[in-house]
Amino acid sequence: MTNGALKRVGIMGGTFDPIHYGHLVAAEAARVAFQLEPVLFVPNRLPPHKKDYPVTEAKHRYLMTVLATITNPHFEVSRVELDREGYSYTIDTLRELRASFDPTVDLYFISGADAILDLLSWKDVDELLSLCYFIAATRPGYKLNVELGHLTQRYASKVFTVEVPALAISSTDIRRRVKEGKPIKYLLPESVENYIYKHNLYRP
Ligand code: ATP
Ligand code: MG
């Protein structure tokens, strides 16, 4: 942006195992609603919480994220978590990204409503809120659940919501479908679908 106009950068963190249209639609909806430029996709190296299954090698998740975002000129992929040793804590990533941008740049962390509830129940919540804004992606017509409602009220100046149409897609479901030999077409970009088959991911 020119003339010292305030710049807003979006951050979409995830395991992206694999990346799918839910992630892409949420990021694009947030980008348009909040004029984010660019949106950085940040694949994690080792997610500290969740994941009751062996997460796919980082190299594959990174390349699938690159393939999926390549057709959008406003999307970029960041290696900040992949290149840091150990577990990927969002707070570390936000500190690192915050320090790498000019103070006039505002950061917006985009996530699903589920993930934001997790994130903002952590002990670092005050620091998190000092580092960036949060955008929770929710489905149209979906009544903000009580917890999310409380959160958006309590942190009204820091936590926003954006409606996205594709929330029913999940990586878990896509992995299960591949394992069972079911189609995954139209749930994720064709380039990512081809990558999964080429490298035999998610097969038993
Ligand atoms: P898994 O099923 O393995 O948990 P996932 O589909 O939830 O995978 P993640 O990589 O865990 O994908 O999610 C990264 C971020 O994207 C999280 O903030 C999550 O809430 C959000 N997200 C995941 N699926 C969707 C979706 N369909 N629509 C909008 N946001 C989503
Ligand atoms: Mg998830």
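Modeller: Let's start at C132, which sits in the loop between α5 (125–131) and β5; helices (H or I, at least four residues) and strands (E, at least two) are DSSP runs, numbered from the N terminus. Bear in mind that this is a predicted model, where local features need pLDDT of at least 70, side-chain atom pairs count only at pLDDT 80 or more, and totals for chains, interfaces and linings use all residues. Residues are numbered from 1 along each chain as its sequence is written, chains are lettered from A and ligands numbered from 1 in the order in which they are written, and side-chain values use heavy atoms, with hydrogens and water left out.

C132 counts as buried because its relative accessible area is 2% (buried is under 20%, exposed over 50%, partly exposed in between, with a 1.4 Å probe and protein chains only). Setting aside neighbours within four places in sequence, C132 is in contact with L94, L107, F109 and K158 (contact means heavy atoms within 4.5 Å). Further along the chain, V159 is 27 residues from C132, with 9.3 Å between their C-alpha atoms.

L107 in β4 stands opposite V9, and six bridges join β4 to β1 (residues 7–14), the two running parallel (strands pair if DSSP finds at least two bridges between them). β4 also runs parallel to β5, through five bridges, and I110 has I135 of β5 as its bridge partner. β4 is mostly covered, with seven of its eight residues buried.

Now for the packing. In soluble globular proteins, nonpolar side chains tend to be buried together. The largest nonpolar core here has 33 residues, and F41 and I196 have the most contacts inside it (a core is a set of buried Ala, Val, Leu, Ile, Met, Phe, Trp, Tyr and Cys residues joined through side-chain atoms within 4.5 Å). Among the elements that each supply at least two residues of this core are β4 (105–112), β5 (133–138) and α8 (190–198). The largest share, six residues, comes from α1. A second, separate core of 27 residues includes L94 and L131.

By the rule used here, the count comes to 12 salt bridges (a side-chain nitrogen of Lys or Arg within 4 Å of a carboxyl oxygen of Asp or Glu). In α7, R176 and D173 lie three residues apart, about one turn of the helix, and they form one of these bridges with the closest N and O atoms 3.6 Å apart. R176 counts as partly exposed because its relative accessible area is 44%, and D173 is also partly exposed, at 25%. E180 pairs with K182 at 2.9 Å between the closest N and O atoms; E180 is partly exposed at 46% relative accessibility, as is K182 at 43%. Salt bridges that share partners also join D92, R95 and E127 into one network.

Last stop is Y89, in the loop between β3 (75–77) and α3 (90–100). Y89 is partly exposed, with a relative accessible area of 38%. With L46 and Y87, Y89 forms a nonpolar surface patch of about 300 Å² accessible area together (patch members have over 30% relative accessible area and no salt bridge; like charges are joined within 9 Å, nonpolar side chains (Val, Leu, Ile, Met, Phe, Trp, Tyr) within 5 Å; areas come from the Shrake-Rupley method with a 1.4 Å probe, and for residues only the protein chains shown count as cover).
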